[in-house]
Every structure is written in C-alpha cells, then in structure tokens.
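Here are some notes for a first look at this structure. Please keep the model open while reading the points below.

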Amino acid sequence: MGIITVGISDLNVAKGTDVLATYALGSCVGICLYDAERKIAGLAHIMLPLSKDAAAGSKAENRRRYADTGITELIQTMSMNGADTKNLTAKIAGGAQMFSTNSEVFNIGERNVAAVKKILAAYKIRIVAEETGLNFGRTVFFYAEDGTMEVKAAGRPPKKV
C-alpha cells in the first residue's frame, strides 16, 4: 500500500491497494471519483469554482485549480488509466467557511461545493457521500481498494464513508 499525496490544485489516480491523500481542505474541495467495477480511484483538490473567473491574461493558469476544469481533467485521466466513466461515483469533502463573514463573495467554500455539484451533475456522476461545509479544515484519505473516503479533522473522530 502506497500513499499518493495530492497537493492543492492537483489531482492523481490510484489502483490496487494505493491510497490517495490530500491535506488542508479548508474552503477547497476534494473530489473523490471511483469506478467500483475496475477499482480505480481518482482525487482532485480544487481551490476555486470556475476557470472563467480567472484573472484576465493568465494563460499559464493551473487548470486543476478550478472545479470545472479540474473535474474534467480528473475524468479524462481516470479514463486514460482504464476507468469506465459510466461507472463513476463521487464522494466530496471540504468547502468549509474558514472566515467569519456574512458576505457571499467571501464564502468561497460554499461556492466551491455548489460548483462541484453542478459539474458532477453535468457529467451524470452521482454523489454518494459528502462531508462538506461548517468551519473546520479536513484531511482526506481515499482508498482505491474499496472506494472508502476517510475524513479526518482536528478534535473530531475520523469518519469513513
């Protein structure tokens, strides 16, 4: 069993007994996609909702940073690694409101979760588990062997879904 770390604005795919891990999900969202038939797992760690909102002229922008382009790339990468996109299900975590504010502009976590849900729905990928919102950061471990998503947060018991 190897642990494959997925950084911020990054993604990766795992098979067999490998585990995908991503840390420091505050307002960011971790999207775990799984093909249970082929036991192929994918994880993306997105920071922002939509690539169209990127600063004008930033051509070198990391497309994995955004829900729309990051999820698209994750699906393509999983397909290139043998996953059947018709079999994919999703588990998501993160999207916390890390700063105390009533401003919708600053509630990036909520906007990230909404964008992720909209994009997954557009791809007809069903969300089977969700650990989002509230006001604390999370760490996610996603097991390729069985599609379990384990969510850890400081001062809280680990949760497996």
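Is phenylalanine 141 buried or exposed?

1. Phenylalanine 141 counts as buried, because its relative accessibility is 13% and the limit for buried is under 20%. Bear in mind that this is a predicted model.

2. Tyrosine 23 is partly exposed, at 37% relative accessible area.

3. Next comes the pair of tyrosine 34 and phenylalanine 142. It is edge-to-face, at 6.0 Å centre to centre and 75 degrees between the planes. It too links distant parts of the chain, with tyrosine 34 in strand β4 and phenylalanine 142 in strand β8, 108 residues apart. Tyrosine 34 counts as buried at 6% relative accessibility. Phenylalanine 142 is buried as well, with a relative accessible area of 0%.

4. Now the sheet. Five strands form an open sheet in the order β1-β3-β8-β9-β10, and the pairing is mixed.

5. Look at the β10 end. Strand β9 (residues 149–153) and β10 run antiparallel and are joined by three bridges. Glutamate 150 has lysine 160 of β10 as its bridge partner. Lysine 160 also lies over the face of tyrosine 143, 5.7 Å from the ring centre. Arginine 156 has its charged end over the ring of phenylalanine 136, 3.6 Å from the centre.

6. Turn to the nonpolar cores. The largest holds 23 residues, and Ile31, Leu33, Met78, Val116 and Leu120 touch the most other members. Elements giving two or more residues to this core include β4 (29–35), α1 (67–80) and α2 (108–122). Leucine 120 touches residues including Ile31, Leu33, Ile71 and Ala90, leaving aside residues up to four places away in sequence.

7. A second, separate core has 16 residues. Among them are Ala93, Phe142, Met149 and Val151.

Note on methods. Residues are numbered from 1 along each chain as its sequence is written. This is a predicted model: local features need pLDDT of at least 70, side-chain atom pairs count only at pLDDT 80 or more; totals for chains, interfaces and linings use all residues. Side-chain values use heavy atoms; hydrogens and water are left out. Two strands pair if DSSP finds at least two bridges between them. Helices (H or I, at least four residues) and strands (E, at least two) are DSSP runs, numbered from the N terminus. A nonpolar core is a set of buried Ala, Val, Leu, Ile, Met, Phe, Trp, Tyr and Cys residues joined through side-chain atoms within 4.5 Å. Buried means under 20% relative accessible area, exposed over 50%, partly exposed in between (1.4 Å probe, protein chains only). Contact means heavy atoms within 4.5 Å. Rings of Phe, Tyr and Trp (its six-membered ring) pair if their centres lie within 6.5 Å; planes under 30 degrees apart count as stacked, over 60 as edge-to-face and the rest as tilted. A charge sits over a ring if NZ of Lys or CZ of Arg is within 6 Å of the ring centre and within 35 degrees of the ring normal.
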